[in-house]
Amino acid sequence: MSAACEGTTLNVAIAGVGLLGPGFSDWEQAATVLRTPSDWTAAATVVPAPNRLPATERRRAGVGIKAAIVVADQACAMAGVAVDSVATVFTSASGDPETCHAMCEALAKPERLLSPTRFTNSVHNAPAGYWHIAASSRQASTSLAAYDASLCAGVLEAVAQCCSSRRPVLLVACDMPYPEPLHALRPLPDVFAFALLLTPTHSAAAWPLELALAGEGEATRCGTGELDALRRAIPAARALPLLEALARDEACSLRLDGDGQDLALHVGRRP
């Protein structure tokens with residue numbers, strides 16, 4: 001995101017949303033809560049088994065993969081699009097820390113035996129691979145990581161692709177906790193995943209979205225201190241101010257925290 005790009009504005013629409021996180025079971029339930037943020041109650045994230053995955057793949061998939069597929073399905077269902085027709089952008093600050101930890105433990109033992117499934121799930125584009133295989137999709141896919149800027153990097157990439165291709169793009173962001181001892185150094189409290197189905201044209205059921213790179217300023221906070229603590233604790237949860245705006249269905253301008261590479265967004269009401 002260079003300074004030379006500042007001033008460029010990209011316009012798309014949000015036709016579908018998926019959400020899973022502490023106190024959020026899906027977008028329908030979350031939208032009700034986010035309209036009145038004081039109603040939010042912290043509760044451990046429950047990641048359901050994705051119906052899209054065959055039983056064998058559900059057993060092999062890690063928590064992050066399952067969460068990503070669940071929210072991706074929510075967004076596509078809400079938008080009414082065929083899952084095999086959309087390009088994807090998956091973004092995560094650190095991928096699957098549980099698999100990384102398990103592999104490090106295995107390599108520290110004399111036998112140094114690695115599980116083939118663990119190795120498969122260790123690559124950063126594993127969620128994208130599971131999704132595209134399950135969706136029978138041959139559309140393009142991008143997987144990103146930019147530490148605490150991963151959310152904004154993913155949003156910018158997905159919006160840019162949608163504008164360039166003039167075709168729908170599915171954005172999926174997911175982060176999950178590290179096991180100890182890494183958790184002490186990177187204490188992400190819980191799993192948080194969300195998805196947006198972006199379209200290049202507006203419709204009666206979609207929110208208009210305008211995006212630009214932000215200059216100096218402070219990121220938009222959530223409606224309550226408790227929710228804002230969640231926003232600051234998990235990289236993917238930095239989307240919460242945008243999700244609050246969508247839940248309220250009110251036109252507003254906001255700023256997403258990109259760790260120095262912030263995004264300025266303007267969300268319109270659905271027509």
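Q: How far apart are the mean positions of the positive and negative charges?
A: They are 6 Å apart, for 21 positive and 27 negative charges. Lys and Arg count as positive, Asp and Glu as negative; His and the chain ends are left out. Each charge is placed at NZ of Lys, CZ of Arg, CG of Asp or CD of Glu.

Q: What should I know about the source?
A: The model is predicted: local features need pLDDT of at least 70, side-chain atom pairs count only at pLDDT 80 or more, and totals for chains, interfaces and linings use all residues. Residues are numbered from 1 along each chain as its sequence is written, and side-chain values use heavy atoms, without hydrogens and water.

Q: How many helices and strands?
A: The protein has 10 helices and 8 strands. These are DSSP runs numbered from the N terminus: helices are H or I of at least four residues, strands are E of at least two.

Q: Which peptide bond is cis?
A: The one from glutamate 180 to proline 181, with omega near 10°. Proline 181 sits in the loop between strand 4 (169–175) and helix 8 (182–185).

Q: What about phi at tyrosine 147?
A: Phi is near 50°, a positive value in a non-glycine residue. Most residues other than glycine have a negative phi. Tyrosine 147 lies in the loop between strand 3 (141–144) and helix 7 (150–165).

Q: Where is arginine 166?
A: In the loop between helix 7 and strand 4. Phi of arginine 166 is near 60°, also positive.
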